[in-house]
There are 2 protein chains.
Amino acid sequence: MKTGPDIALLGSLIGDPARANILTALMDRRALTACELAQEAGVTPQTASSHLAKLIAGGLLSPEKQGRHRYFRISDEEVASALEALMGLAAYAGHRRVRTGPRDPAMREARVCYDHLAGDRGVQMFDHLTRRGMISYEEAELSLTQKGQRFAEDFGIDLDAIRTTRRPLCKACLDWSVRRNHLAGALGAALLDRFYVLRWARREKDSRVVAFSRRGAEQFDALFATATRR
Amino acid sequence: MKTGPDIALLGSLIGDPARANILTALMDRRALTACELAQEAGVTPQTASSHLAKLIAGGLLSPEKQGRHRYFRISDEEVASALEALMGLAAYAGHRRVRTGPRDPAMREARVCYDHLAGDRGVQMFDHLTRRGMISYEEAELSLTQKGQRFAEDFGIDLDAIRTTRRPLCKACLDWSVRRNHLAGALGAALLDRFYVLRWARREKDSRVVAFSRRGAEQFDALFATATRR
DNA sequence: CCCATGCTTCGATCGCCATCGAAGCGTTCG
DNA sequence: CGAACGCTTCGATGGCGATCGAAGCATGGG
């Protein structure tokens, strides 16, 4: 008999197409209702309900009651990160759901991963921050340096406010399209937020794509100029 | 329709208990025969054969013919790394296959992950190497510094020989038991090899456990003394 | 050569689980 | 309060896939 974590349970949860669709739909950090998810997955509400129950029992999703709706979201950054890693392997092994569509390049350029920026631009930002010594990698954990703190404050991020949460400030998340790290954690989320506020970018409706305006892209490139984009 | 990598396929592959057992059994980098794997998984050779065919089709395993035997191994470090990440989530979410057994603490202390050292000791080593500036984390990739190169050579590792392979020298791998990084890549493999040669440790039969001798543990602790063990 | 070994293919069986219709339960709104 | 909505539970159905016995194919040894 084997010992160790049970990957079969998680695998079978992720293995059903309807459930995989649900999880994928929730990878942006939205919380969706059961009916919306049913539509995303292409099944009836009854079926979706049973899937959702299983995903909750498995710890992958968390329900949230609000009025007569029930919203579902991915439980945890840990879960999102593991799913992103699986997507990485899937992309690497060459399993794609559909032939590369028109949306695909946009996804590769910039998309939402849970609540932070992923794709080429996410990696570009991460590269710049580490290369310029704003984020340091010590004891296998990321931390924000003095220089990085000044940068963040200057960029309009209220670090004190962020630090009140229990959530880690900086975390690395493996990008499935670029297969390198991008920045997750509270700071990653705050930065993306800031891009929205500054109108550099906006979320594309019903997708994970983050669309940068021309001006926004220029400003972004100027700010994170160290690393060259692919 | 969704776009992006297909996690459902991988999920369903990993989701079957027999296949999960097979994958887990191969997580040390051994190559096993179909019959051995059948026994590991607790199914007949016929059944195992069909599972193995699917795992190969999915890109997770690679077959290797040798005489009248056919050996199977995990295709790739990428695959092993993704599986380790899934185990991390499973452990985090609290799904364990069996009640914590006597072997479990030993697994947590030191075990083989593909072909490098994982567990408390693996993380301890990684921490020391990064903290002492032997491995640097730049542009989202690990690299061996001058100081690190001297260290490795002094420890009896032939870096030139290693570099002939196309395999990356240093890679980070997320440890499922400690949930922090340990060192993978060619250097990680070479270091573990060195521990065997120096008789600091040996593989426990039929398990992923790496058993350190008392003397070996002392030397190891002396060498990687920066980080305190848990 | 013939037989043993190792593995795969074939065919049949069985069980589990995804699916959906119908009904039940709670919430909201007019 | 009744009707509409949102979601879940129940029950029945169907299909896919895991499983194994038996046979087929290689390879190697005597």
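**View 1. What DNA strand C shows the protein.** In this predicted model, sugar or phosphate holds 67% of the atoms of DNA strand C that lie within 4 Å of the protein, and bases hold the rest.

**View 2. Polar contacts to DNA strand C.** A polar contact is a pair of N or O atoms within 3.5 Å; within protein, one must be able to donate a hydrogen and the other to accept it, and residues adjacent in sequence count only if both atoms are side-chain atoms. On the base side, an N or O atom in the side chain of A:Gln46 sits 2.6 Å from a base nitrogen. On the phosphate side, B:Arg70 brings a polar side-chain atom to 2.3 Å from a phosphate oxygen, while B:Ala34 uses a backbone N or O atom at 3.4 Å. Two or more residues each come from α2 (17-25) and α4 (45-57) of chain A, plus α3 (34-41), α4 (45-57) and β3 (69-74) of chain B. Helices (H or I, at least four residues) and strands (E, at least two) are DSSP runs, numbered from the N terminus.

**View 3. Over to DNA strand D.** Phosphate oxygens lie 2.5 Å from a polar side-chain atom of B:His51, 3.1 Å from one of B:Thr44 and 3.3 Å from a polar backbone atom of A:Cys35. α4(B) gives the most to this surface, 4 residues.

**View 4. B:Arg111, away in strand β4.** B:Arg111 belongs to β4 (residues 111-113) of chain B. It counts as buried because its relative accessible area is 0%, buried being under 20% (1.4 Å probe, protein chains only). Its side chain makes a 3.1 Å polar contact with that of B:Glu84.

**Notes.** Residues are numbered from 1 along each chain as written, with chains lettered from A and ligands numbered from 1 in written order. Local features need pLDDT of at least 70, side-chain atom pairs count only at pLDDT 80 or more, and totals for chains, interfaces and linings use all residues; side-chain values use heavy atoms, leaving out hydrogens and water.

Key. Buried < 20%, exposed > 50% of the residue type's maximum accessible area, 1.4 Å probe, protein only. Near = heavy atom within 4 Å.
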